[in-house]
Amino acid sequence: MKKCFAAALVCCLLFCFTPAVLADGQLEEADTAMVYIDGLLTCRGYNSPQGAMIRLEDMCAFFGVEAGSSYDEATGKVSILGRGFSLETSLDSNILHVNERYIHTDERFTVGPNGRCYFPISTVQRLFGMKALVSEGGKRIDLDSSAAALPAGGVSYYSDTFGADNVYWLEHIVNAEAGGQPLEGMVGVANVVLNRVNDHRYPDNVHDVVFDDRVSVQFPPTVEGTIYKEPSEWSIIAARLALEGYNTVQDAIFFIDPVHAVDSSWTAGYRFITKIGAHEFYK
């Protein structure tokens, strides 16, 4: 009887102190962040070195959307697809292509130890409109869904939201003025145009801002004819990033290429903001 008890005790101790074998795709407990939506435990996130993160597939599931994902380790690209939701991005990009929209993010996704892709809380807030509270140490994420929804989008999203003419001329002036510049510089040109649209001293639409010649020609491509060239893919993306709120030049309303400008002395009367690529931006 004692031998049987001793054997049972040894088996019990071995079971208790043998590390558990993780199921495929499961995180270690130390890496797990418990995700609560409206106080209800909904899924598990990733308590990464960069902060607490969540799988977007789990967020889609909250809205009743079954989304699948694929990650290409060689290219760092991830795509997530479900009914009413599509997203593409990569490890080296701060741009999310979501439901035919282009959104800039400060933080990028990461791949967890389980090989799955997790996105920062800031991305979840931006895409789904959820308020978030992360506990100290990142072990618990509380989301408030009172104003939550799947992200709007579609092929006509920009024209429907901002007006087809505004989108058309913004894409064309970005291409004409900054087609060979870094993406941030392209966005900066779009920012200048939109800053003018929102400034009472200028017309209230993109076309009239771009073709404004009340004092002098504001944008030379309008008289040179290059504004009518078909915009490049990156010019289109830059214009749409600006429409989404991405801003690289603050409240600048002027820009100049000092190397090729006929006269740059007028900049002395304005506040320098930044230089991106060949362009200097002023307020």
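Biologist: Why is Arg140 called partly exposed in this predicted model?

Modeller: Its relative accessibility is 33%. Buried means under 20%, and exposed means over 50%. The value 33% lies in between, so Arg140 counts as partly exposed.

Biologist: What makes Arg140 and Asp142 a salt bridge?

Modeller: Their closest N and O atoms are 2.7 Å apart. The cut-off is within 4 Å. The pair meets that cut-off, so the term applies. Side chains of opposite charge can pair when their charged atoms come close.

Biologist: Is Asp142 buried or partly exposed, and how do you know?

Modeller: Asp142 has a relative accessible area of 24%. Buried requires under 20%. Asp142 is therefore partly exposed.

Biologist: Why is the contact of Arg240 with Glu171 called a salt bridge?

Modeller: The N to O distance is 2.9 Å. The rule asks for a nitrogen within 4 Å of a carboxyl oxygen, so the pair qualifies.

Biologist: What makes this pair a link between distant parts of the chain?

Modeller: Arg240 sits in helix H9 (residues 233–243). Glu171 sits in helix H5 (residues 164–178).

Biologist: How do you know whether Glu171 is buried or exposed?

Modeller: Glu171 has a relative accessible area of 8%. The limit for buried is under 20%, so Glu171 is buried.

Biologist: What makes Asp58 and Arg55 a salt bridge?

Modeller: Their N to O distance is 3.6 Å. The cut-off is within 4 Å, so the pair counts.

Biologist: Why are both partners called buried?

Modeller: Asp58 has 19% relative accessibility. Arg55 has 14%. Buried means under 20%, so Asp58 counts as buried. Arg55 passes by that rule too, so it also counts as buried.

Biologist: Which residues are linked with this pair in a network of salt bridges?

Modeller: The network links Arg55, Glu57 and Asp58. Asp58 lies in helix H2 (residues 56–62). Asp58 also touches Cys43 and Arg44, leaving aside residues up to four places away in sequence.

Biologist: How many salt bridges does the rule give?

Modeller: The count comes to 9.

Biologist: What makes the phi of Asp38 worth a remark?

Modeller: Asp38 is not a glycine, yet its phi is positive, at about 55 degrees. Most residues other than glycine have a negative phi. Asp38 lies in the loop between strand S1 (32–37) and strand S2 (40–48).

Biologist: Where does Glu100 lie, and what is its phi?

Modeller: Glu100 lies in the loop between strand S7 (95–98) and strand S8 (101–104). Its phi is positive, near 70 degrees. Glu100 has a relative accessible area of 38%, between the limits of 20% and 50%, so it is partly exposed.

Biologist: How do you know that S2 and S3 pair?

Modeller: There are 3 bridges between S2 and strand S3 (residues 51–54), and the strands run antiparallel. Pairing needs at least two bridges, so S2 and S3 pair. Ser48 stands opposite Gly51 in S3. A hairpin of 2 residues joins S2 to S3.

Biologist: Why do S3 and S10 count as paired?

Modeller: S3 and strand S10 (residues 117–120) share 2 bridges, in the antiparallel sense. The requirement is at least two, so they count as paired. Met53 stands opposite Pro120 in S10.

Biologist: What is the strand order of the open sheet with S13, and which strands are its edges?

Modeller: The order is S13-S15-S14, with antiparallel pairing. Strand S13 (254–256) and strand S14 (272–276) are the edge strands, as each pairs on one side only. Neighbouring strands of this sheet are turned by 20 degrees against each other on average, direction ignored. Helix H6 (residues 183–197) packs on the sheet and touches S13, S14 and S15. The direction of H6 makes about 30 degrees with that of S15.

Technical notes: Residues numbered from 1 in each chain as written. Predicted model: local features only at pLDDT ≥ 70, side-chain atom pairs only at ≥ 80, totals over all residues. Heavy atoms only, no water. Helix = DSSP H or I, 4+ residues; strand = E, 2+ residues; numbered from the N terminus. Buried < 20%, exposed > 50% of the residue type's maximum accessible area, 1.4 Å probe, protein only. Axes fitted to C-alpha atoms, helices over the stretch in contact; angles between N-to-C directions. Contact = heavy atoms within 4.5 Å. Salt bridge = Lys/Arg side-chain N within 4 Å of Asp/Glu carboxyl O.
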